[in-house]
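Biologist: Please take one part of this model and go through it closely. I would like the strand pairing treated with care, and then the helices.

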Amino acid sequence: MPRLFGRLLVFGLASAVLMGEVEAASAGQLDSARDRTVTFARDLAPIIFDHCGICHRPNGSAPFSLLTFPAARQRATLIAAVTKSRLMPPWKSEPGYGEFIGHRPLSDAEIGVVQRWLADGAPEGDPRDLPTPPQWTEEWQLGRPDLVVTLSQPYVLPPDGSDVSRVFVLPLPVDTMRYVRGLEFRPGNQKVVHHANIRIDRTPASRQLDDQDPAPGYEGLLSHSAVYPDGHFLGWTPGQVAPWLPKGLAWRLAPGTDLVLEVHMKPSGKAEVVEPSIGLYFSSDPPERTPAMLRLGRQSIDIAAGEKDYAITDSFVLPVDVEVQAVQPHAQHVYRYVTPFVLPKGTTVAVRYTYDNSSDNPRNPQQPPKRALWGQWSRDEMGDLWIQVLTRDDRDLQILNAAYRPKATAEEIVGYESMIRQDPSRIQLHDDVALLYLDLGRAGEAAAHLEASARLQPESAAAHFNFGTALTVAGRLDEAIDQYRQALRIRPDYGLAHNNLGNVLLGRGSPGEALQHFREALRLDPSNAEAHYNAGSVLRSRGDLSEAAGQFRRALQLKPDWIPALASLAWLLATAPDAALRDANQAIRFAEQAADLTGRQDASALDVLAAAYAAAGQFDRAVAVSQSALEMKPDATLAAAIRRRQELYRQHKAYVSPALQGALREQHSRVLGVNGTPGCFV
């Protein structure tokens, strides 16, 4: 099977695999220079202006300018060495693996000119031969942005010490869905900003971490909720301006979203003001396709001091055909292909990183060498390669994400557990890894970490709520009740805790007390869709069908595509004992929506749809849909109920529920997960 390989040098200890291509050199320029003395004005300046000046200019990201003869002459030996080795200009992909947008390497002929200039004594030549120096605008390179955001106050980088990695959170003032086709990052101080990773957070979690630090931003880990948007890389390295996204590949920016900037800075010896800003460019067209991002790498890195050839490898077998759009190694450029290429289903994509932690490595940041572990701090090591791909259609995208996500989550757990062993008192680590365990359905391990978090902050209502939520998912309901009650002791107006406590009490057979907590949750927060749904479930079981229908409708106003509420309301409208409450047409509309959202692959959703068709007198359709539900091979209890109803449809009779108590609620909760939903995890 084909494998995805390449090579680059990575900041720190590592070298790794990547792809790239260097343009074939023309010998003409070198041949003409061989017959005469090579001078700065005539021969070298055009190369420097074209390839080096974007960084090596006044106020550029490089530490010195090379645009004048005295500046270049002073560093002639250095220029010749770094261009001959292709360390500069900084483009780290190996030749022969594809052409990338923005890749303009020095040709062999141009490198030869630099070598001859040094050999000839690095002369200036006739100043009249000097071409006009380029003019770089200090304005936005992509044009005037539609939205510019920056820090509310600048950050001051201390003059000394090790590298600083700081996270800044920028609220985005958008009040409607926007589609982003371009993003430009301005570091605010190119002299000290080494690189930046940019993500979005649709929750308040990152903002809360920022608020806890009195200085701008915070030093620490990215929140688990800070993610790349819609399968897109967002980042910056010196000299890089991200190109426009291809047509149809804009990413969605929803109201209430924050930009999260992880900025890596290097002290300069004096205090430096850093004030990064970001320009966003919107499109009127929504995205036509959504990419996926595959991350390969290991979070178990543990390199002994002095180890010269440490290696990590990772791989993934593609479950569908994909088209590779771009790749990004950690802390480097986004390498976007000029011509994307297809990898067929069954292809193994693989990465291999090697690390030199010996004293022989001049790039080793620790001299003498020290043990290096994986981590998210500037002192730690990482080894990731991100690959952006497009699938043939949305169904293939779902298949790809379903196959890849558990692998990525399991690797993240390895990294978090490693960091927790180093610092077991760090609350955020316990909370984040618990979310990962819940994603994998490992509620017991999630509960263990949230118990540790609650021990570390015993007077935190949120910590007890989170612990209770994990206990609920793990089925440890009595313990969950105790944690929710502790959360409410600390914070009586905690609406989410009232909702979840009500859920557990309902499961424990106390619907009256449960309804009291649901009503209190709604008094505190009328926008709590889960509480509306849960209150509706209790009211339905008590026979208060009209009020139950109202609660289900309110839940759907808040969450229009919520399958449990759709199915429950459709069932009530189709099968209510009171004919005045039945509405077959609405039942069909809600039931079809629920069935479509499940891909018509959920037996319970199809059972609801069949009942709705029968209520409308469409008995042949009801029989066919109920048969499709049976072909899903549901459990014996549900299958028997579907068969009984199907027999009624064959007799041209609709199903009318004699009572809407426990059996129906149990059926829906078991198959659709509508009862006992744990609410929000905070």
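Modeller: Two strands count as paired if DSSP finds at least two bridges between them. The model is a predicted one. With that criterion, β4 and strand β14 (residues 277-283) are paired, because 4 bridges join them. The two strands run antiparallel. One of the residue pairs involved is threonine 150 with serine 277, the latter being the bridge partner in β14.

This pair of strands belongs to an open sheet of 4 strands, ordered β4-β14-β7-β11, with antiparallel pairing. At its edges are β4 (147-150) and β11 (251-253), each of which pairs on one side only. On average, neighbouring strands in this sheet are turned by 45° against each other, direction ignored.

Another open sheet, also of 4 strands, has the order β15-β22-β18-β19, and its pairing is antiparallel. Here the edge strands are β15 (292-297) and β19 (335-343), which each pair on one side only. Valine 322 has leucine 343 of β19 standing opposite. Helix α7 (residues 394-422) lies across β15, β18 and β22 (384-391), and runs at about 30° to β15.

Next, the helices further along the chain. Two packed helices are described by the angle between their axes and the distance between the axes. For helix α12 (residues 495-507) and helix α14 (residues 529-541), the axes come within 10 Å and cross at roughly 30°. Angles under 35 degrees count as roughly parallel, so α12 is roughly parallel to α14. The crossing of α12 past α14 is left-handed. On the α12 side, the contact is made by Asn499, Asn503 and Leu506, while α14 contributes Glu530, Ala531, Asn534 and Val538. Sorted by class, the residues of this contact are 3 nonpolar, 3 polar and 1 charged.

Histidine 517 is found in helix α13 (residues 511-524). Its relative accessibility is 13%, and since buried means under 20%, histidine 517 counts as buried. Leaving aside neighbours within four places in sequence, histidine 517 is in contact with Leu488, His498, Asn499, Leu501, Gly502 and Leu505.

Conventions:
Residues numbered from 1 in each chain as written. Predicted model: local features only at pLDDT ≥ 70, side-chain atom pairs only at ≥ 80, totals over all residues. Heavy atoms only, no water. Axes fitted to C-alpha atoms, helices over the stretch in contact; angles between N-to-C directions. Parallel < 35°, antiparallel > 145°, perpendicular 65-115°, else oblique. Left-handed = near helix turned anticlockwise from the far one by under 90°. Contact = heavy atoms within 4.5 Å. Nonpolar A, V, L, I, M, F, W, Y, C, P; charged D, E, K, R; others polar. Buried < 20%, exposed > 50% of the residue type's maximum accessible area, 1.4 Å probe, protein only.
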